[in-house]
Amino acid sequence: MLKRPATEAYDTHFYMTFDLYRKAAELASQREPFAIATVVRVEGSSSAQRGSKAIIDPLGKLLLGWVGGGCAESAVKSEALKCIETEKPRLITVDMTDEELGVGMPCGGTMDIFIEPVLTKPELLIVGHGRIAETLAVLGDLMGFTITVNDPAAERIAFPQAEKIVTEDFDLTETPIGSKSFVVIATQHKRDHLWLQRALEGNAAYVALIASRHRARLVLDYLREMGLPEEKIATVRAPAGLALGASTPEEIALSVMSQMVALRRGGSVTALDLHDRGSHVPAAATDTVIR
């Protein structure tokens, strides 16, 4: 059986790692996004060691941990902000071999640091009930959204995936809408114009209206009369969803969810190319080299 090295350095690292994961769990329970930076390779002299970690919050503040001091830490915090914003991990190289032109640390080494965003689930707010809404809840749950349903006729048995169901919301205040909210309005024309206005005023990431073309034109004209800027109105997905030729409620829900995924991941409806080599990156390559 392997024995734990009885060294002060090991104990310090052990307790630092324990505290770091405890802090990560605390942030996750509070649904606060953050990034974890981990030193995965050290070459030459460095103030950090392989396995050193740090937690960075969405404001770029290093909450806990250590990945090297001075400008190396500043570079890591800057890249962590990009990871949180783009929702994608990054592998960076910090070059400390040049005191004048490098990151300002004359350590004489380089470090590869893997930065991984830890994000809260985006919210899918479904306004309405019926088969399209029910299928959207199923697909949204599978795609990693937290589901909120707002409709007087919504029943728990029809929406088992929903984290929250609101059936009384006369002034539309029970379901806050923010920049990370994905909102699908399927009210069958009942107060859809009010919900659409509120979703746009809340700067929702995605706003879709499931309605006939005639109804959609009426609702968009209402928004213009209410003084909403044309550029905001242009963001409304109406008709909602991608052009899949959908006809059944389940297919319509699929087209709407496909549109949400494409928007969130920066994708398109272009067919995948079997021979596309663009996504194959050499294993040793990093996203950024900071000198």
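Author: Happy to! In this predicted model, Asp-192, His-193, Leu-194, Leu-196, Gln-197 and Leu-200 of helix H4 meet Arg-215, Val-219, Leu-220, Tyr-222 and Leu-223 of helix H5.

Reader: Nice. What's the make-up of that H4 contact with H5 by class?

Author: Seven of the residues are nonpolar, two are polar and two are charged.

Reader: And at what angle do H4 and H5 pack?

Author: About 55 degrees, with the axes 10 Å apart; H4 covers residues 192-201 and H5 covers 213-225. The two helices are therefore oblique to each other, and H4 passes H5 in a right-handed crossing.

Reader: Staying with H5, is Arg-217 buried or exposed?

Author: Arg-217, which lies in helix H5, counts as exposed because its relative accessibility is 51%, and the cut-off for exposed is over 50%. Its C-alpha is 8.8 Å from that of Ala-238, which is 21 residues away along the chain.

Reader: Switching topics: how many residues does H7 have, and how far does it reach?

Author: Helix H7 runs over residues 249-265, so 17 residues, and spans 24 Å from first C-alpha to last, close to the 24 Å expected at 1.5 Å a residue.

Reader: Which residues of H7 are buried, and what covers them?

Author: The buried ones are Ala-253, Ser-255, Val-256, Met-257, Gln-259, Met-260 and Ala-262. Their cover includes strand S6 (123-128), helix H3 (131-142), strand S9 (181-186) and strand S10 (206-209).

Conventions: Residues are numbered from 1 along each chain as its sequence is written. This is a predicted model: local features need pLDDT of at least 70, side-chain atom pairs count only at pLDDT 80 or more; totals for chains, interfaces and linings use all residues. Side-chain values use heavy atoms; hydrogens and water are left out. Axes are lines fitted to C-alpha atoms, for helices over the stretch in contact, and angles run from 0 to 180 degrees between N-to-C directions. Helices (H or I, at least four residues) and strands (E, at least two) are DSSP runs, numbered from the N terminus. Angles under 35 degrees count as roughly parallel, over 145 as roughly antiparallel, 65 to 115 as roughly perpendicular and the rest as oblique. A crossing is left-handed if the near helix is turned anticlockwise from the far one by less than a right angle, and right-handed if clockwise. Contact means heavy atoms within 4.5 Å. Ala, Val, Leu, Ile, Met, Phe, Trp, Tyr, Cys and Pro count as nonpolar, Asp, Glu, Lys and Arg as charged, and the others, Gly among them, as polar. Buried means under 20% relative accessible area, exposed over 50%, partly exposed in between (1.4 Å probe, protein chains only).
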